[in-house]
Amino acid sequence: MEKFFHSVILDKEKCMGCTNCIKRCPTEAIRVRDGKAQIISERCIDCGECIRVCPHHAKRARFDHLSELDNYSYKIALPAPALFGQFNNLDDIDIVLTGLKKMGFDEVYEVARSAELVSDATRKLMQQGHLERPIISSACPAVVRLIRVRFPELCSHVLPLNSPMETAARFVKKEARKKTGLPLEKIGAFFITPCPAKVTDTKCPISTKTSYVDGAIAISEIFPALVEKMEKAETVEPLMQCGVIGVGWASSGGEAAALLNDKYLAADGVDNVIRVLEELEDERIKELDFIELNACAGGCVGGVLCVENAYVAKARLQRLRRYLPVSQNHLEEGIPPCMQWQDNLEFAPVLKLSDDMGEALRMMADIDKICEKLPGLDCGSCGAPTCRAFAEDVVRGSAKENECIFILREEIKQVAQALSSMGGFVPGHHKEADSDER
């Protein structure tokens, strides 16, 4: 198996062993054992749902910090479009971009610019007609990883283009190398991220060998210092080079609408995403050309590393877009190789029972037998999200049947009945009585 990096990590000291996280994980990657949650590394897609629902803040995201800028001679900020929706009464994106430069960045390149280029490239690919329909967006890394581990038949439907984040880093670093004369390793590109899945994508990308993004800083991490710099800015530099289409990528439906094609579907929230993918897998959705899926409710504005309510941020972006041109970025000719995937998306068989087909079938039969004994309530008291997941854990040897409280209750009941049937009989008691009579 490949090496896994995860931006979502567990703080066991804060974990109280509740079952909130195991019920929400879309890949059943969490178990509660010995009163503490455990994350199954190969199954985790870093969607951040466990961070969102944990009442004890035992799950958190790893990300890079501003101190990382000191490692580079030339620093570039790559703000996600979702960043612009975090500020109240913002009517000029240039204020945010100027604030980023005052924080120590030498250059700012909006990811919304490359989003417009990706939209243009997608339109060109759809016109060529070579991709399997419906085409599934590749912009959300959590969704791409979800497809990779749970929906292998849909891998060929995923759009083979790099995300706007990766595209932005590749374009701007090459431009900076020409402008400064510095080698690429001295130029640092830092994405201002709304979610942990993007952090993982910079450290362990799926579609390419290495990412051009050198760090991912959480919006929640940079927000307080950025607000201070924005308020103190005496002059505002004219830096913005994006339009309605690019900023629209921040919320659900923005990417799909940019294709100028009405045969699309946009779904957000991991539960809704799974429902759509299941219907796609069952071939119940055929009439569409494009499907946009976002793991976070509301789109990127709903990421767990944002500071503002997703729907408030979306409303702010809608107002902000009124002042923008439709688009400022287009591909002059064909699609540059740096925008395209180097590797095809391949199924990651992390959920399979065994490499041996015969052994896998035997294990599946054992799982079915155990499931027949279980109540089918999916209560989570055993530490697994569902009864079937628990049965699988038993067959794999990571759990015992009597860890189900219903099976344990039946075992205790049988023991109690056996003791009761003895009627108070104590071994050796009659022998002692006979010797007394003699």
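Mentor: Let's start with the word "partly exposed": buried means under 20% relative accessible area, exposed means over 50%, and partly exposed is what falls in between. Keep in mind that we are looking at a predicted model.

Trainee: What makes Arg 362 count as partly exposed?

Mentor: Arg 362 has 41% relative accessibility.

Trainee: Why are Arg 362 and Glu 359 called a salt bridge?

Mentor: The cut-off is a side-chain nitrogen of Lys or Arg within 4 Å of a carboxyl oxygen of Asp or Glu. For Arg 362 and Glu 359 the closest N and O atoms are 2.6 Å apart, so by that cut-off the pair is a salt bridge. In general, side chains of opposite charge can pair when their charged atoms come close.

Trainee: Where do Arg 362 and Glu 359 sit in relation to each other?

Mentor: They lie three residues apart in helix H13 (residues 357–373), and therefore about one helical turn separates them.

Trainee: What makes Asp 201 and Arg 145 a salt bridge?

Mentor: Their N to O distance is 3.9 Å. The limit is within 4 Å, so the pair qualifies. Asp 201 belongs to helix H7 (residues 196–203) and Arg 145 to helix H5 (residues 141–150), so this contact ties together parts that are 56 residues apart in sequence.

Trainee: How do you know whether Asp 201 and Arg 145 are buried or exposed?

Mentor: Asp 201 has 15% relative accessibility and Arg 145 has 10%. Buried means under 20%, so Asp 201 counts as buried, and so does Arg 145.

Trainee: Which residue forms a salt bridge with Asp 393?

Mentor: Arg 33 does, with the closest N and O atoms 2.9 Å apart. This pair links distant parts of the chain, 360 residues apart: Asp 393 is in helix H14 (residues 387–396) and Arg 33 in strand S2 (residues 30–33). Asp 393 has a relative accessible area of 4%, so it is buried; Arg 33, at 12%, is buried as well.

Trainee: How many salt bridges does a search of the whole structure find?

Mentor: The search finds 25. There is also a network of salt bridges linking Arg 24, Glu 49, Arg 52 and Asp 271.

Trainee: What makes S10 and S11 paired strands?

Mentor: Pairing takes at least two bridges. Strand S10 (residues 264–268) and S11 run parallel and are joined by five bridges, so they pass the pairing cut-off. One of the contacts sets Leu 265 against its bridge partner in S11, Ile 291. Between S10 and S11 the chain passes through helix H11 (residues 270–281), in a β-α-β crossover that is right-handed.

Trainee: Why is strand S11 described as mostly covered?

Mentor: In S11 (residues 290–294), five of its five residues are buried. Phe 290, Glu 292 and Asn 294 point one way, while Ile 291 and Leu 293 point the other way.

Trainee: How do you know that Cys 44 is in no disulfide?

Mentor: The nearest cysteine sulfur belongs to Cys 50 and is 6.4 Å away. A search of the whole structure finds zero disulfides.

Technical notes: Residues are numbered from 1 along each chain as its sequence is written. This is a predicted model: local features need pLDDT of at least 70, side-chain atom pairs count only at pLDDT 80 or more; totals for chains, interfaces and linings use all residues. Side-chain values use heavy atoms; hydrogens and water are left out. Helices (H or I, at least four residues) and strands (E, at least two) are DSSP runs, numbered from the N terminus. Buried means under 20% relative accessible area, exposed over 50%, partly exposed in between (1.4 Å probe, protein chains only). A crossover is right-handed if, with the strands pointing away from the viewer, the path from the first strand over the helix to the second runs clockwise. A disulfide is a pair of cysteine sulfur atoms within 2.5 Å.
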